[in-house]
Amino acid sequence: MITAKKDTKQSMFKTVQQQFNKTADLIDLNPNIRKILAITNNELIVHFPVKMDNGEVEIFTGYRVQHNNALGPYKGGLRYHPTVDVDAAKALAMWMTWKTSLAGLPYGGAKGGIQIDPRNYSLPELERITRRFTYALGENIGPEHDIPAPDVNTNAQTMAWIADTYMSTKSPSERSQNQHVVTGKPIGSGGLEGRDRATGFGVFLCIKLYFEARGESLQGKTFIVQGFGNVGYWASHFMVNEGAKLISVQDAHATLFNAEGIDVENLFEHSKPRKGSIKGFSEAKEIDPEDFFGLACDVLIPAALGNQITEDNAYKIQAKLIAEGANGPTNDEGESILLERGIPIIPDILCNSGGVIGSYFEWLQNRNGELWQLDEVMQKIEKKITQVFKNVSAEVDQRKVDWRTAAYIIAIARIEMAYVQRGIFP
């Protein structure tokens with residue numbers, strides 16, 4: 001079962017620090033630059049009141065952590081989840097810095113959100129919460145400063161509310177210049193065709209490229225998915241279209257199994273009116289959540305919360321490949337066990353980078369006043385991810401290291417070069 005324990009957030013930050021330190025040691029990172037990258041630039045906590053549907057006022061706590069902007073404006077999602085706090089945001093912001101650097105984008109890393117369970121609030125309440133949060137953030141976000149995007153439990157509608165609120169704080173003559181304050185907006189409000197599927201498509205593409213490099217296709221490959229939100233659904237959609245078979249799905253409510261294959265589109269239609277829950281799907285049987293990671297399959301896609309694969313369950317995993325759709329789903333101890341067992345991991349900063357790559361194209365589209373069609377967008381995303389994948393693969397072969405270490409080496413070295421070339425003010 002997908003867990004979100006109190007220590008998960010702390011271990012996520014511990015995990016990202018361990019990953020950074022391991023790579024910094026390996027590449028002999030400049031000690032002064034190491035000091036800078038080991039900490040965040042800004043950590044913002046805002047408390048704000050919102051009137052509920054019953055007339056009562058509730059106080060909410062929101063967060064925005066900005067890790068590093070050496071390569072460009074801060075970029076990263078906003079999530080609405082009970083586990084959101086400063087430690088979780090710090091870990092996720094650092095991962096965004098490495099992710100945008102690895103992808104070769106002109107961005108730094110940020111992350112944030114509100115500590116709520118959105119299922120407990122009506123749509124009008126969520127709109128008021130979102131707009132008030134945006135107002136509380138004020139000039140701490142901006143189209144050339146810090147650009148939020150959707151994340152766990154936020155979507156295109158959330159981004160439309162943020163954009164509208166932020167633009168409304170500007171003078172009439174400046175409003176249209178601020179549309180790209182967020183990405184992941186609805187198509188009719190400046191959004192990008194294909195942004196909804198970009199993250200899941202990237203997960204699928206990395207898996208496809210991995211097997212193609214070994215002379216194999218996805219035809220007949222079996223896979224299991226943890227989390228059936230936006231990323232889990234789209235990754236499954238593209239995998240099945242390529243001939244793979246989905247045999248198990250797990251979310252916070254149920255774990256489904258069908259050895260003959262689960263129909264992705266039917267499951268999606270089942271989950272939509274149930275706030276995303278897969279429970280009660282008649283075309284698969286429910287199994288014990290503890291059995292999920294032990295299922296025999298070719299590919300495991302963790303696409304839910306962080307810190308799901310740990311020393312407690314890594315020894316159970318029977319998949320031949322792990323493709324991280326979520327941010328930080330594998331902790332350091334879990335990863336060590338998997339690598340010792342010879343199970344490769346396509347790391348989050350590569351595997352789920354399709355989302356931020358799609359966001360970059362949306363940002364450019366808004367900035368330049370252009371409109372791109374879906375096929376153009378998907379070609380752009382595919383070209384970018386393919387190149388990044390090949391860069392990491394080459395680093396794996398050259399240095400004889402695991403995939404995560406190779407990805408970190410490329411990402412951190414690029415930021416180090418920026419500091420070396422520019423120097424540090426004053």
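Because the model is predicted, local features need pLDDT of at least 70 and side-chain atom pairs count only at pLDDT 80 or more, while totals for chains, interfaces and linings use all residues. Residues are numbered from 1 along each chain as its sequence is written, and side-chain values use heavy atoms, with hydrogens and water left out.

An open sheet of 7 strands runs in the order E9-E8-E7-E6-E10-E11-E12, with mixed pairing; strands here are DSSP runs of E with at least two residues, helices are runs of H or I with at least four, and both are numbered from the N terminus, while two strands pair if DSSP finds at least two bridges between them. Its edges are E9 (285–286) and E12 (345–346), each of which pairs on one side only.

Strand E10 is joined to E6 by 4 bridges in a parallel run, with Gln-226 opposite Pro-302, and E10 also pairs in the parallel sense with E11 (residues 321–323) over 2 bridges, where Ile-322 is the bridge partner of Leu-300. In a regular strand the side chains alternate between the two faces of the sheet. In E10, Val-299 and Ile-301 on one side and Leu-300 and Pro-302 on the other are all buried, that is, under 20% relative accessible area with a 1.4 Å probe and protein chains only.

Definitions and conventions:
Buried means under 20% relative accessible area, exposed over 50%, partly exposed in between (1.4 Å probe, protein chains only).
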